[in-house]
Amino acid sequence: MEENLYSLHQLEALASGDTAFVNKMVDMFIQMAPESVDRMITALSEDDLEDLGAAAHKVKPSIDMMGITSLKQKIRDLEQWGKNRTNVELIPSLLDEVIETLNDVVQQLRNR
Amino acid sequence: MADEFKIFIVEDDVWYGEVIEYHLSLNPDVTVKKFTNGKDFLKCLDEQPSLVTLDYSLPDISGEEVLKRIKEYSPETPVVIISGQEDIGTAISLLKDGAYDYIIKDDETKDRIWNVIKNIREKEELKEEISQLKTQIVQKYDFSKSIIGNSSPMKRIFSLIQKAIGSNITVSITGETGTGKEVVAKAIHYNSARAKKPFVAVNITAIPSELMESEMFGHEKGAFTGAIARRIGKFEEATGGTIFLDEIGEMDINMQSKLLRVLQEKELTRVGGTGVIKLNSRILVATHKDLAEEVRKGNFREDLYYRLLGLPISLPALRERGNDILLLAKHFIDEYCKENEMGKLTVSPSAQNKLLKYPWPGNIRELKAVVELSCVMTDSNTIDDEHITFNSSGSIDTLLQAEMPLREYTNRIVKYYLDKYNQDVVTVAKKLNIGKSTIYRMLQEETVSLTNN
């Protein structure tokens, strides 16, 4: 069994025993993460880096709350680089890493 | 607890909006409504939320624009900006535009929102309390209740007060001590258009003359030794409201010229300051002195006198108010009984007579003290004449104001000395420089009598 890439610790603390809430939030994340991924891919293909940054910005709080620590800094870099058009040459590979992790997380959450 | 606390969450990130909503809904007093874009939210502004949390980056309208629209619609609604990133420049400009707080989305966001809610609720409760207290004061000084009297001199006073209420004119109130000058001043203020703004009373005699200027006009930090901080003066404190200068006749002549300048220029400068502050306070003054007489004597500046005269209201002495004495006595007795949770007290005819005959040198203030004492002295539910004692400072004026026949005066004086000197006729005759036989004759005619100890 591979190690979980996420931690529901924060959500559980907030829910204080209300598992329905935790499940609801997990389901929402499973549904929304691919949407964010699609948006970022489209943005990159259209060289709309600003929208790429905006999409990263939007998904950031849920990544933090879902305890996906490996993406904590990466999603912020993506947000800033996209917004400011810096390190443009590094963006595609960074985005690939982020997408891979997100997909893995979604997979793990599905099999939870 | 106050009414339900309605929070509008404007957050385009559905996932995060859900988290905030869940967190805030844990408190049963809170109802939450979510919006994912600016347009939908702005349509519901008329539902008057108690708090709005606003995501700075919305898909349709910028956070700044939404904030502006909220503030236009209802400036009082607190708006907390919740932003994904720290941007001090944006934060400052939003706070300047009226945002209540600026919170970053991170682990502590939830606790910060709670703090904000707690503060806002406290603030709302305080506001509520203040407005209640203000209404209470206004009711208290509804002058048909605060000023009691049916006598013709008082009817004239009422019509003058009514005129003073309807305008902004300076009013000068004169009258003997205890006639209710401050009550009249408050009645004017709390029934005027300025009622919701401060009423600031300054007793000129209570302030040492060296401190007067800074008390009245304020001072800047470092204006003089000991001025460790800026201080707002009474005139500024009364901005939009009324300043009441009591015992204006006692004002030091130097201060009089400073006051005159301020009244002429309609602006003032704090001591040690350079900035000019516009004067916007209504002025009421009072004195027990005859100011015109003080002007003649050179104690009061003539120009200031005319400037302050405005609408003169001269309060009658209590002894000139006939039956008002009984009305007031009844009022004070009822008030005292209510405050001390006693049953109702009535005043016997002989006690009423005693009250009516007394000259009341201390006027209403003295009447209040006398009747309150009588409430304490009586053991039944009736106040009789024996319960009424006048302990006025006993000036000769008081005695003269009683207007008794000379013979009666003589009797009283002799009786007073006999009591004082232990019924010793010889000593009393010596003190008063009259013959012993005079006293004996009075004793014989029973106009005075010896009290056996």
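Me: How do α2(A) and α3(A) run relative to each other, roughly parallel or roughly antiparallel?
Reply: α2(A) and α3(A) are roughly antiparallel to each other. Bear in mind that this is a predicted model.

Me: Ok, what angle is behind that, and how far apart are the axes?
Reply: Helix α2 (residues 19-45) and helix α3 (residues 49-65) of chain A pack at an angle of about 160°, and their axes are 8 Å apart.

Me: Is the crossing left-handed or right-handed?
Reply: The crossing of α2(A) and α3(A) is left-handed.

Me: Which residues meet there?
Reply: From α2(A) you have A:Phe29, A:Ser36, A:Arg39, A:Met40, A:Ala43 and A:Leu44. On the α3(A) side they meet A:Asp51, A:Leu52, A:Ala55, A:Ala56, A:Lys58, A:Val59 and A:Ser62.

Me: And how many of those are nonpolar, polar or charged?
Reply: The contact of α2(A) with α3(A) has eight nonpolar residues, two polar ones and three charged ones.

Me: Where is A:Asp48?
Reply: A:Asp48 is in the loop between α2 and α3 of chain A.

Me: Why does A:Asp48 count as partly exposed?
Reply: Because A:Asp48 has 15 C-beta neighbours inside 10 Å. Buried would take 20 or more, and exposed 12 or fewer.

Me: Switching to chain B. What's the strand order in the five-stranded open sheet?
Reply: The order is β2-β1-β3-β4-β5 (chain B), and the pairing is parallel. The edges are β2 (30-35) and β5 (101-104) of chain B, each pairing on one side only. On average, neighbouring strands of this sheet are turned by 20° against each other, direction ignored.

Me: How many bridges join β4 and β5(B)?
Reply: Strand β4 (residues 79-83) of chain B pairs with β5(B) over four bridges, in the parallel sense. In β5(B), B:Ile103 is the bridge partner of B:Ile82.

Me: Which strands does helix α3 of chain B lie across?
Reply: Helix α3 (residues 63-73) of chain B lies across β1 (5-10), β3 (51-55) and β4 of that chain, and it runs at about 160° to β3(B).

Conventions:
Residues are numbered from 1 along each chain as its sequence is written. Chains are lettered from A and ligands numbered from 1 in the order in which they are written. This is a predicted model: local features need pLDDT of at least 70, side-chain atom pairs count only at pLDDT 80 or more; totals for chains, interfaces and linings use all residues. Axes are lines fitted to C-alpha atoms, for helices over the stretch in contact, and angles run from 0 to 180 degrees between N-to-C directions. Helices (H or I, at least four residues) and strands (E, at least two) are DSSP runs, numbered from the N terminus. Angles under 35 degrees count as roughly parallel, over 145 as roughly antiparallel, 65 to 115 as roughly perpendicular and the rest as oblique. A crossing is left-handed if the near helix is turned anticlockwise from the far one by less than a right angle, and right-handed if clockwise. Two residues are in contact if their C-beta atoms, placed from the backbone, lie within 7 Å. Ala, Val, Leu, Ile, Met, Phe, Trp, Tyr, Cys and Pro count as nonpolar, Asp, Glu, Lys and Arg as charged, and the others, Gly among them, as polar. Two strands pair if DSSP finds at least two bridges between them.
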